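We will go from stop to stop, selecting as we go.

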Amino acid sequence: MKLLVLGGTVFLGRHVVAEALAAGHDVTIFTRGQTNPGLFPDAERLIGDRDGNLDALHRQTWDGVIDTSGFVPRIVRQSGELLRDAVGRYVFVSSISAYADLSRPYDESAVTGKLDDPSSEEVSLYYGPLKAACERVLDELYGDRTTLIRAGLIGGPYDQTDRFTYWPVRIAEDGDVLAPGTPDAPVQFIDARDLARWMIELAAEGPGGPINATGPATPLTMGDLLDRLISAIGTNCRLHWIDSEVLMEEGVQPWTELPLWLPDPDYAGLPLANIDRARAAGLDLRPVEQTAIDTLEWARTAGEQRPTLSREKERELLAKYAGT
């Protein structure tokens, strides 16, 4: 298969390119050439800018495209219109944040969000509605030839957001560990490599339409996750569960300082995505232990990532509320 990847040198896109090359596909990467320019010498590299400089994409055709870097509908429209007659299928990495109501469980039939101001392009403020607007652009242009991947939290090697990485790194340090909320809180996430491998298959065969993409295959709670990481990594951590209201009063930021912790009832359904359609379409998910161990191995050589809960702040909270 001839595969075009919009992006491909940072995290999810990097795994897409690596998996595609390993599978023997003919891969073209379209980037600005600024991040990891030496990666993937076996792939064709096209240099440009999604916002106004798509010249390098002219005069070629591909069987499929995987768009890992589309956030603004105006910009997604540019590549979508240009590639409409040049690709067979357009696979777009959207987000479960595209749903309008994340307070309860949901499947692909749930309503997606809309921008109050359609001209807004503030991704940091309107990430979910902007992703939903991008989906509508591609649905207009491609119909059943577009697959809209509504991904949950993505973890694995090369994740610079620390949204999953925090937990295997913290568990590996051993000792007293602050665990947020209650152990029975549900959690969902997906390994970037599983998502990448599956999207390559979708780029060749479909199906089209929206698909929730997260894991694991069976329900998982925060308590189960941390216990499994402790066992897999081989430490003697002591978990101290501190109530969500207490942590909120202390100013601890959900999701960012303590990943996977979602005390706000408006987001109670976020880790309850129905993934039946993805599983029926061939999504295979590796054990969470493998994701954790591989992520930890990468993190030990990657240097400091995005700030999460500092160890000093964790010690202060444990001393105050857990008597450690």
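The tour below takes helices, then loops.

This is a predicted model, in which local features need pLDDT of at least 70 and side-chain atom pairs count only at pLDDT 80 or more, while totals for chains, interfaces and linings use all residues. Residues are numbered from 1 along each chain as its sequence is written, and side-chain values use heavy atoms, with hydrogens and water left out.

**Stop 1: helix α3**

Select residues 123–142. This is helix α3. Helices here are DSSP runs of H or I with at least four residues, strands are runs of E with at least two, and both are numbered from the N terminus. How far does α3 span between its end C-alpha atoms? The span is only 24 Å, whereas a straight helix of 20 residues would span 28 Å at 1.5 Å a residue. The expected span is 1.5 Å times one less than the number of residues.

Now pick proline 129. Here α3 bends by about 50°. The bend is the angle between two axes, one fitted to the seven residues ending at that position and the other to the seven starting there.

Next, colour the buried residues of α3. Among them are Gly128, Leu130, Lys131, Cys134, Glu135, Leu138 and Tyr142. Buried means under 20% relative accessible area, exposed means over 50%, and partly exposed is in between (1.4 Å probe, protein chains only). Show α2 (73–83), β5 (87–95) and β6 (146–151) as well: the buried residues of α3 pack against these elements.

Glycine 143 follows α3, and its phi is positive, near 60°.

**Stop 2: α6 and α9**

Select residues 222–233 for helix α6 and 288–302 for helix α9. Their axes come within 9 Å and cross at roughly 60°. Therefore α6 counts as oblique to α9. Axes are lines fitted to C-alpha atoms, for helices over the stretch in contact, with angles from 0 to 180 degrees between N-to-C directions. Under 35 degrees is roughly parallel, over 145 roughly antiparallel, 65 to 115 roughly perpendicular, and the rest oblique.

The crossing of α6 past α9 is right-handed. Handedness is judged by how the near helix is turned from the far one: left-handed if anticlockwise by less than a right angle, right-handed if clockwise. On the α6 side, Arg228, Leu229, Ala232 and Ile233 make the contact. On the α9 side, look for Val288, Glu289, Ala292, Ile293 and Leu296. Contact means heavy atoms within 4.5 Å.

Stay in α9 and pick threonine 295. Is this residue buried or exposed? Threonine 295 counts as buried because its relative accessibility is 0%. Leaving aside neighbours within four places in sequence, threonine 295 is in contact with Gly156, Pro157, Phe164 and Thr165.

**Stop 3: α1 and α5**

Select residues 12–22, helix α1, and 192–205, helix α5. The two axes come within 8 Å and cross at roughly 55°. That makes α1 oblique to α5. The α1 helix passes α5 in a right-handed crossing. From α1, the contact uses Leu12, His15, Val16, Glu19 and Ala20. From α5, the contact residues include Ala192, Arg193, Ala196 and Ile200.

Zoom in on histidine 15, in α1. Histidine 15 is buried, at a relative accessible area of 6%. With neighbours within four places in sequence left aside, histidine 15 is in contact with Pro157, Tyr158, Ala192, Arg193 and Ala196.

**Stop 4: two cis peptide bonds**

Go to glycine 206 and proline 207. The peptide bond from glycine 206 to proline 207 is cis, with omega near 10°. Proline 207 sits in the loop between α5 and β11 (209–213).

Move on to glycine 215 and proline 216. A cis peptide bond joins them, with omega about 0°. Proline 216 is in the loop between β11 and β12 (220–221).

**Stop 5: loops around β3**

Select asparagine 36, in the loop between β2 (26–31) and β3 (44–47). Its phi is positive, near 45°, in a residue other than glycine. Asparagine 36 is partly exposed, with a relative accessible area of 34%.

Now arginine 59, in the loop between β3 and β4 (62–67). Arginine 59 has a positive phi of about 70° although it is not a glycine. Arginine 59 is exposed, at 78% relative accessible area.

End at glycine 48, in the loop between β3 and β4. Glycine 48 counts as buried, at 8% relative accessibility. Glycine 48 and phenylalanine 30 are 18 residues apart in sequence, and 6.9 Å apart in space, C-alpha to C-alpha. Not counting residues up to four places away in sequence, glycine 48 touches Phe30, Thr31, Arg32 and Asn53.
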